[in-house]
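My notes follow in the order I looked things up.

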Amino acid sequence: MTVFSLADRLSTLPPYLFAAIDKAKAQVAAKGMDIISLGIGDPDLPTPEFIIEALYNGAKNPRNHQYPSYIGMKTYRQAVADWYKQRFDVDLDPDTEVVSLIGSKEGIAHFPLAFINPGDVALVATPNYPVYGIATNFAGGEVQYLPLLEENDFLVDLDAVSNDTWAKAKMIFVCYPNNPTAATATREFYERLIEKAREFNVIVVSDAAYTEIYYNPDDRPMSILECKGAKDVCIEFHSLSKTYNMTGWRIGMAVGNPSLVAGLGKIKENCDSGIFQAVQEAGIAALRDGEPYAEQFRAIYKERRDVVSAALTKAGIRHRVPDASFYMWCNTPEGYKSSEFVTNVLMQTGVVLTPGNGFGTPGEGYFRISLTVNNDKLEEAVSRISKL
Ligand SMILES: *Cc1c(COP(=O)(O)O)cnc(C)c1O
């Protein structure tokens, strides 16, 4: 059979860094070892029942069986605007400043197509969610990575970015609360970022998927749109996935600068036909009435975080106790590279961790734990690791 060769954009994808770990996982499974995966950032808790009810009711309505609008139902966009107002005190015009997404990954992946010409540069803060760089490359753009370092609390060192770099850049991708480092942004950082972006006419892409997974109700993560002047240069991607345990539902939103929202909408108009309206109705229910449930989920993650942190401390593994997100970013023990450590742990204990370098070079020397399994499993996992 003919094997067709892939287009350059696929054959030049960066090397897949988890190949060695996948191989080790298969070996461990073949030995019949009990595997505990702390590798996947996908909530284990179910979607709240009332959201499922809303989907069910929506599915019974024949009006919802036809093509939805690609920008989203007005009622969904209004619910997004209301939620941003109530949560962040940010005013959004649902007609021009909100677009629905088939999950925020879809929107992030499509966004560069709207604004990147071949050869344009996107700055990507790294370690990072891989989609930013790949989507830029798919659009023919070039990526310049900005390292997120522990000594800067994993914030982009804005002073270290030269004016030349700013002048060359078309957009910059940031993500706070951050996956994988769990770092949160300060207001000061966002304000300086916006100032720079306005000075050099650079688009700021904020990935805010984790703002609702926080542990201190008196110090909740911000939306970048809370900052003055943000709408001049920013688009923010958000999602119902992590907040309400809805990763499988595929529903999210992009909000902010109207020309950026419209540009993304133009790509979507030509690629997809929006989200099943019954899912949008479920999304409206989640945004309106989901807060008490989100509160419960946060309490569960907090307990897990504390269990793991105590166990890691006992095992002598250096780590930061996160203020937000359901990840823990830990230092590999002295003398171990990320993938070496992670492969070792997997082979000897059956516990799956994510090597930090898989998210970009500055992630070397770290590994990520995802708090998306129950306490018993977390405790068992860390106890196995500590016996190494
Ligand atoms: C999970 C995740 C997303 C994507 O979530 P969707 O399910 O596509 O809405 C986006 N960014 C980061 C950093 C994530 O971890």
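I started with the largest pocket, which holds about 1,400 Å³ of space. This is a predicted model, so I treat the volume as a computed value for that model. I then asked which of the 50 lining residues are closest to the pocket centre. They are Phe18, Tyr129, Pro130, Gly358 and Phe359. Next I listed the elements that give two or more residues to this lining: helix H2 (19–30), H5, helix H6 (131–138) and strand S11 (354–355). H6 gives the largest share, with five residues. I sorted the lining by class and found 24 nonpolar, 18 polar and eight charged residues.

**Cavity.** How many cavities of 30 Å³ or more are there? I count one. The largest cavity has about 40 Å³ of space. I noted its lining as Tyr176, Pro177, Thr184, Ala185, Tyr190, Pro221 and Met222. By class, six of the lining residues are nonpolar, one is polar and none is charged.

**Cis peptide bonds.** The peptide bond from Tyr176 to Pro177 is cis, and its omega is near -10°. I placed Pro177 in the loop between strand S5 (169–175) and helix H8 (187–200). I then checked Asn179 and Pro180, which are also joined by a cis peptide bond, with omega about 15°. Pro180 has its place in the loop between S5 and H8. I flagged these bonds because most peptide bonds are trans.

Which value of phi does Asp89 have? It is near 55°, a positive value in a residue other than glycine. I noted this because most residues other than glycine have a negative phi. Asp89 sits in the loop between helix H4 (74–88) and strand S2 (98–101).

**H5 against H10.** I took helix H5 (residues 104–115) with helix H10 (residues 258–271): their axes come within 8 Å and cross at roughly 105°. H5 is therefore roughly perpendicular to H10. On the H5 side I listed Glu106, Gly107, His110, Phe111, Leu113, Ala114 and Phe115. They meet Ser259, Leu260, Gly263, Leu264, Ile267, Lys268 and Cys271 in H10. By class, this contact has eight nonpolar, four polar and two charged residues.

**H12 against H14.** I then turned to helix H12 (residues 291–315) and helix H14 (residues 375–386), whose axes are 9 Å apart at an angle of about 10°. That angle makes H12 roughly parallel to H14. From H12, I recorded Glu303, Arg304, Val307, Val308, Ala311, Leu312 and Ala315. Their partners in H14 are Asn375, Leu378, Glu379, Val382 and Ser386. I sorted the contact of H12 with H14 into seven nonpolar, two polar and three charged residues.

**Record check.** Last, I looked up the annotation. The unreviewed UniProt entry gives "domain: Aminotransferase class I/classII large" for residues 34–385. Over residues 34–385 I read 41% helix and 16% strand. The C-alpha atoms at the ends of that stretch are 14 Å apart.

Notes. Residues numbered from 1 in each chain as written. Predicted model: local features only at pLDDT ≥ 70, side-chain atom pairs only at ≥ 80, totals over all residues. Heavy atoms only, no water. Axes fitted to C-alpha atoms, helices over the stretch in contact; angles between N-to-C directions. Helix = DSSP H or I, 4+ residues; strand = E, 2+ residues; numbered from the N terminus. Parallel < 35°, antiparallel > 145°, perpendicular 65-115°, else oblique. Contact = heavy atoms within 4.5 Å. Nonpolar A, V, L, I, M, F, W, Y, C, P; charged D, E, K, R; others polar. 1 Å grid on protein atoms, 1.4 Å probe; cavity = no way out; pocket = protein on both sides within 12 Å on 5 of 7 lines; lining within 4 Å. Points joined across faces, edges and corners; volume = space filled by probe spheres on them. UniProt positions renumbered as here; feature names shortened; annotations may be inferred.
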